[in-house]
Amino acid sequence: MNFDDPRLTAIGLLTEAYAGLMARFQPVLAAAKLSEIDFETVIRLARSPEQRLRMSDLAAQTGLSTSGVTRVVDRLERQGMVTRQACPSDRRASYAALTDAGRERLQSVLPQHIQDIEDSFTSLLDAEELEAFLRTLRKIRDVVRPCATAGAVEPGRTCPPGDTAPDVVTTVSAPSA
């Protein structure tokens, strides 16, 4: 066995970079009383059509189970950041929608969060490197998380296993990004 296999190096570097970035981003999220998954949920809602997603699409995007996303939305709903809306075309489905309070909390966090992203990530790459890196990440994401953009571009579109959803830019701070 070759312990110096470049595939081990690649995944090790990716893991180390991700863990380091999350450690840098955590203080800003904690100050806003947002966990990583809370932030991922509200930023995905904010960046979606009408600032809402079907619960099943939100689960697919976040990589949570349906019960897991229900617990997150319940918590955010108690905080007034998210509300549930009935789906007019399917009584079995519901939407999670960002509220004004959720938008305000997100807007209070974003300036420093974006600065942290710039300081510890994007400013390290020139424009061509960043575009190549984003293409590479999307290529990997589309294989390992093909439903990561479910419902974001085509509202109501669900993503069965093995299907690839259309691309939208997601946040780098999300645990599953």
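**Salt bridges, sheet and surface of a predicted model**

The side chains of E77 and R84 meet in a salt bridge, with 2.6 Å from N to O; a salt bridge is counted where a side-chain nitrogen of Lys or Arg lies within 4 Å of a carboxyl oxygen of Asp or Glu. The model is predicted, so local features need pLDDT of at least 70 and side-chain atom pairs count only at pLDDT 80 or more, whereas totals for chains, interfaces and linings use all residues. Residues are numbered from 1 along each chain as its sequence is written, and side-chain values use heavy atoms, with hydrogens and water left out.

E77 is partly exposed, with a relative accessible area of 30%, and R84 is partly exposed at 28%. In this classification, buried means under 20% relative accessible area, exposed means over 50%, and partly exposed lies in between (1.4 Å probe, protein chains only). Side chains of opposite charge can pair when their charged atoms come close. By the rule above, the count of salt bridges comes to ten.

Another of these pairs is D38 with R75, whose closest N and O atoms are 2.7 Å apart. Because D38 lies in helix α2 and R75 in helix α4 (residues 66-78), the pair ties together parts that are 37 residues apart in sequence. Helices (H or I, at least four residues) and strands (E, at least two) are DSSP runs, numbered from the N terminus. D38 counts as buried, at 3% relative accessibility, while R75 is partly exposed, with a relative accessible area of 28%. The surroundings of D38 can be described through its helix. Nine of the eleven residues of helix α2 (residues 36-46) are buried, so this helix is largely enclosed by the rest of the structure. Among the buried residues of α2 are I37, F39, V42, I43 and L45, and also the residues E40 and R44.

A further salt bridge joins R103 and D100, with the closest N and O atoms 2.3 Å apart. R103 and D100 are three residues apart in helix α5 (residues 100-120), so about one helical turn separates them. R103 counts as partly exposed at 23% relative accessibility, and D100 counts as exposed at 53%. Elsewhere, salt bridges that share partners join D74, E77 and R84 into one network.

The strands form an open sheet of three, in the order β1-β3-β2, with antiparallel pairing. Strands β1 (52-54) and β2 (82-86) stand at the edges with a single partner strand each, so one side of each has no neighbour in the sheet. On average, neighbouring strands of this sheet are turned by 25° against each other, direction ignored; the axes are lines fitted to C-alpha atoms, for helices over the stretch in contact, and angles run from 0 to 180 degrees between N-to-C directions. β2 and strand β3 (residues 94-98) pair in the antiparallel sense over five bridges, where pairing requires that DSSP finds at least two bridges between two strands. The bridge partner of Q85 in β3 is Y95.

Two cysteines were also examined for burial. C87 counts as buried at 6% relative accessibility, and C147 counts as buried at 14%. The count of disulfides (pairs of cysteine sulfur atoms within 2.5 Å) comes to zero.
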